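Have a look at the structure on the screen, and then I'll talk you through a few parts of it.

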Amino acid sequence: MSGVELSNVIKKYGETQVIHGIDLAIGDGEFAVFVGPSGCGKSTLLRMIAGLEETTSGRIDIGGADVTRADPADRGVAMVFQTYALYPHMTVRENMGFGLRMTGHPKPEIDSKVDEAARILQLDELLDRKPAALSGGQRQRVAIGRAITRGPEVFLFDEPLSNLDAELRVEMRVEIARLHKEIGATMIYVTHDQVEAMTLADKIVVLRKGRIEQVGAPLDLYRDPDNRFVAGFIGSPSMNFLDATARDGALHVPALGGTLDVPQTLPGDGRALSLGLRPEHLWLEDGDTFTVDLTEALGGVSYAYLKAADGTRLIVEERGDTRAKIGDRVALGVDPAKTMLFDAETELRIR
Ligand SMILES: Nc1ncnc2c1ncn2[C@@H]1O[C@H](COP(=O)(O)OP(=O)(O)OP(=O)(O)O)[C@@H](O)[C@H]1O
């Protein structure tokens with residue numbers, strides 16, 4: 001049993017509160033990913049679980065034991081950092097066995113654990129090298145290997161791939177997913193990267209300003225966000241938002257130059273709303289409502305950036321190449337069943 005449970009966890013630096021009472025349960029063997037804008041408290045929360053930051057109040061349980069005030073070494077966790085933090089004068093083997101040597105494990109046991117981690121991470125050939133003779137991806141693999149040899153109940157990853165180039169990131173992402181399948185330990189992972197969050201997580205935790213906005217499986221958050229923030233944060237490119245109002249049972253959307261028939265139950269009070277449209281659910285039609293501002297062709301998909309007469313901007317994702325050219329006048333194709341509606345003030349979803 002090595003789930004992680006946070007109960008009303010609070011962090012203050014002096015007078016400044018950065019984590020505002022987080023309740024969260026991460027199940028045994030679950031892969032949880034913390035996402036959120038810069039400064040929302042992802043790393044702080046992870047470091048509190050690791051014991052590298054003191055918890056101001058609240059309680060942290062790992063494997064059913066209260067570890068709120070426990071030393072990092074006594075929590076059964078191992079952390080992997082963005083910067084690898086390898087010892088330059090030690091070989092890969094020595095780096096990977098370092099934690100076990102420090103805790104006085106016998107050499108044969110250390111060797112067998114290092115060999116096992118090296119096998120899992122395909123580092124067998126590199127055990128005698130020093131970090132300077134490794135690529136970035138190999139160094140990160142050693143850092144992960146060092147975590148594996150310690151046999152933690154919980155792995156904590158703080159943006160482990162953000163120093164790698166795009167190709168290596170993909171490779172290591174797949175590697176981490178495989179590692180999770182193979183060893184089945186609980187993992188908590190902080191990232192800025194949408195694709196990492198969507199592909200690695202069993203459960204994504206979306207944070208904003210030290211509070212949880214929503215917790216859920218990646219596709220549940222994408223398909224069924226509770227509020228405008230989560231809708232805008234999950235999905236790439238981000239959801240478009242258009243100002244709208246409901247009057248006399250119709251949704252008026254100025255940027256679209258008229259009303260839109262949507263399946264949601266509209267509030268009848270002329271309240272300010274926000275219409276959410278995912279770029280991948282839109283298409284271009286003949287018409288005169290928008291001007292094409294810019295196009296980007298990525299090969300498999302292309303993006304058309306549109307601007308309405310009232311200045312509203314949005315992105316349309318098309319499959320393959322786009323026929324749109326900068327300066328073209330176009331209309332927007334919208335499937336009403338795929339729209340989302342939010343209260344402009346509370347940001348809550350209207351279903
Ligand atoms: N030692 C500190 N003293 C005061 N404030 C701090 C300290 N460390 C972090 N903070 C503040 O706590 C908040 C959360 O920081 P944290 O690094 O956890 O955010 P983050 O979500 O990981 O951001 P990023 O994605 O940019 O790494 C920020 O507003 C930050 O300025």
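Let's start with the ligand. By class, the shell around it has three nonpolar, seven polar and one charged residues. For the classes, Ala, Val, Leu, Ile, Met, Phe, Trp, Tyr, Cys and Pro count as nonpolar, Asp, Glu, Lys and Arg as charged, and the others, Gly among them, as polar.

Quick caveats. This is a predicted model, where local features need pLDDT of at least 70 and side-chain atom pairs count only at pLDDT 80 or more, while totals for chains, interfaces and linings use all residues. Residues are numbered from 1 along each chain as its sequence is written.

So who's in that shell? The ligand is surrounded by Y13, T16, V18, G36, S38, G39, C40, G41, K42, S43 and T44, where being near means a C-beta atom, placed from the backbone, within 6 Å. The elements giving two or more residues are β2 (16-26) and α1 (42-50). α1 gives the most, with three residues. Helices (H or I, at least four residues) and strands (E, at least two) are DSSP runs, numbered from the N terminus.

Next, the overall layout. The chain is divided into domain 1 (4-232) and domain 2 (239-350), with bounds from an automatic or database domain assignment. Their centres, taken over C-alpha atoms, are separated by 38 Å. The contact takes seven residues from domain 1 and nine residues from domain 2. Contact here means C-beta atoms, placed from the backbone, within 7 Å. On the domain 1 side, that's three nonpolar, two polar and two charged residues.

Now the core. The largest nonpolar core has 92 residues, and those with the most contacts inside it are V33, F34, I49, F155, L156 and I188. Both domain 1 and domain 2 give residues to this core, so it lies between them. By core I mean a set of buried Ala, Val, Leu, Ile, Met, Phe, Trp, Tyr and Cys residues joined through C-beta atoms within 7 Å. Buried means 20 or more other C-beta atoms within 10 Å of a residue's own, exposed means 12 or fewer, and partly exposed is in between, again with C-beta atoms placed from the backbone.

What does I188 touch, not counting residues up to four places away in sequence? V4, I26, A32, F34, L46, I49, V154 and L156.

Then there's L200, in helix α6 (residues 194-200). L200 counts as buried because it has 22 C-beta neighbours inside 10 Å. L200 and A177 are 23 residues apart in sequence and 6.0 Å apart in space, C-alpha to C-alpha.

Over to helix α2 (residues 92-102), where V92, R93, N95, M96, G97 and L100 are buried. Those buried residues pack against α3 (107-120) and α4 (136-149). Just after α2, G104 takes a positive phi of about 75°.

Last stop, strand β11 (residues 240-247). N240, L242, A244 and A246 make its covered face, while F241, D243, T245 and R247 make the uncovered one. β11 pairs antiparallel with β14 (residues 272-277) over six bridges, and pairing needs at least two DSSP bridges. A244 has L273 as its bridge partner in β14. Three bridges join β11 to β12 (residues 250-253), also antiparallel, with T245 partnering H252. β11 and β12 form a hairpin with two residues between them, and D248 in the turn has a positive phi of about 50°.

Technical notes
Contact = placed C-beta atoms within 7 Å.
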